[in-house]
Amino acid sequence: MDELLEKLRSSLLELDKEATLEAVRAVLQQGSDHAEAGVEAVTDALDQVGRRFQDGDWFLGELVYSGEIAKEAMELLSPHLSAGADKRLGTVVVGTVQGDMHDLGKNIFITYARSAGFDIVDLGTDVTLEQFAKAVLEHQPLALGMSCLLTVSAGAVGRVIEELDRRGVREPVKVIVGGAALTEEFAREVGADAFAPDAVTGTGIIRAWSQG
Amino acid sequence: MNFKERFLTAMNHEEPDRVPVMGLIMDPATVNEILHRRAVDFPGMLRKPFLRGATRRLLNTNWFWNRMYYDNFSGALDASIQLGFDANWTIYAMMQLQPDSDSPLGVVWHDAFGRVWEMGSDEKGNMSVNYTRALCDTEERWEAWVEQKAPLFDRLVANATVFHKRLVNEYGDRILPIGYAAPGIFENSWQAIGFVNFTKLVYEKPEFVRRVVEFHTELYLRLLEGVMESGVEVVLGGDDLGQKTGPLMRPSLIEKLYGESYRRVADLVHRHGRKFVFHSCGRIYKFLDHFVDWGFDGIITMEPTAGMELARVREQVGHKLVLIGNLDVSHLLVRGSRHEVEAAVKKAIGDAAQGGGYVLSAAHSHPFVDPQRLRWMVEAAHRYGRYPIAA
């Protein structure tokens, strides 16, 4: 089994989709109770991808493609997980702010956060204040993630945080923001809890929050 | 020296009388504010049911589109002259309005290459457009698109040729129009397919990706020929190869897929006796040596918010590339103080202008860039950019 799991990990890190999915099937052939180990192998590989990306050894294309392979691997593994085996780290509400229709960065973040064990509520793009606030009230998430690529839409990030404040729901939820239009300084100015320059860093931040 | 001699001297890595200043003025909001013109609120008109049909038909008419586009860029050149710039970029694009139920406005722009552009407007009705998604997310859809749109590509090249020629004829004695052949080969390849899909295809269907790259290379070379027919001395090409923290794709993969295309671009421009300057957003240190190898003469942008520092770029490439840009448009040229703008201009000149080879400009443009800050930038360049420049 260890050999199969290692094959799963290494195939994903070689960006070999066929070999990765073949390894997943081989793991499942050993019995459904090995699905959890398969998920851990995929998660390990993605952690390694994240480290390579942050170290500048891997690039966005590789981050995206490994995430896509992992998604397909998880689709095969998930139905075989026993109840309670799938450890969830919390819920994260995610959306691109009003006036902005871009979703690449947001979607990469979702792939990585989901693989790390978070439940994601994806509000999509061009999300209004009302939609963000309503989702936070409804799902009471661990974190709210806002993405913004356009400078002209950046003001909406601060307005969402003010709206959460006004409705008295700002305190329990952590706010993380990212996107080409935003900076660490901007995030501080508008009162966000964190700025994520990339999906991997973002996933690391919410993972740390989930651990208290 | 006049604006043209100044700019071209710097492009040759020689010291002109002072550091040239280039405008990246293009957004209607900026043009209208500088020229005190009122915006025509097309998005507002499209929101009104009784005007929507007529407005859409009008905007989809070739002559009206060309006239609107020309008016905006002639305004950009007027505005740029008024602020004291030596040069300004000029860009032609061609789009058609199409109904789209996913869009808040109910209509979106489709460009010739297969991209969707969402339209918005500010409180004054100034229109802005932004690429949002792909129309050809599969191999089959892309093949069908390029076959169906063949006449549109011919029209794009013809329109772009006329557009640039007219601007050079009408403004060439007052400012240097820098003809921008955009978007570039990399962007045209992936943006019509979508980044995630394109990335998958790179690994899973490399022959198809090679076909896409070849198609866009040939089309781009035709577009470049058209831009150069206008007589522009410096040609810009644009491909965002970077994002905030680094390259979008592994540089060696870009070399494998696009290296030959970029070499052909630079060769073509050089055969016409022009200079080729490449625009890329993002953190692109890992591409600088490739730019030199591909034969580019210069680069424009160097986004400070992506960690691009002029001094570091100059140290890495020496005078193998002309550097243009780097003044921040997230804070400095939006709400920075006069003192901050002057300090940034002095630093940029100190970091990159010795020996020529530097053109001062904003890193990019967007509707919130403040004309007053641009004025301060130009004034500071005139004050602190006189050669000789001390270390």
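The crossing of helices H7 and H10 of chain B is right-handed, meaning that the near helix is turned clockwise from the far one by less than a right angle. This is a predicted model, in which local features need pLDDT of at least 70, side-chain atom pairs count only at pLDDT 80 or more, and totals for chains, interfaces and linings use all residues. Residues are numbered from 1 along each chain as its sequence is written, and side-chain values use heavy atoms, without hydrogens and water.

The axes of H7(B), residues 150–171, and H10(B), residues 206–229, come within 7 Å and cross at roughly 25°. That makes the two helices roughly parallel (angles under 35 degrees). Axes are lines fitted to C-alpha atoms over the stretch in contact, with angles from 0 to 180 degrees between N-to-C directions. Helices are DSSP runs (H or I, at least four residues).

| H7(B) | B:Phe153, B:Asp154, B:Val157, B:Ala160, B:Thr161, B:His164, B:Lys165 |
| H10(B) | B:Phe215, B:Leu219, B:Arg222, B:Leu223, B:Gly226, B:Val227, B:Glu229 |

These divide into seven nonpolar, three polar and four charged.

Now the chain interface. Chain A gives 28 residues to the contact and chain B gives 27. Together they bury about 2,400 Å², 64% of it on carbon and sulfur atoms. Buried area is the accessible area (1.4 Å probe) lost on being put together, summed over both parts. A:Phe59, A:Tyr65 and A:Met101 supply 25% of the area that chain A buries against chain B, more than any other three residues.

Four salt bridges cross this interface (a side-chain nitrogen of Lys or Arg within 4 Å of a carboxyl oxygen of Asp or Glu). B:Arg250 and A:Glu62 meet in a salt bridge at 2.5 Å, N to O.

Technical notes. Chains are lettered from A and ligands numbered from 1 in the order in which they are written. Angles under 35 degrees count as roughly parallel, over 145 as roughly antiparallel, 65 to 115 as roughly perpendicular and the rest as oblique. Contact means heavy atoms within 4.5 Å. Ala, Val, Leu, Ile, Met, Phe, Trp, Tyr, Cys and Pro count as nonpolar, Asp, Glu, Lys and Arg as charged, and the others, Gly among them, as polar. Buried area is the accessible area (1.4 Å probe) that two parts lose on being put together, summed over both.
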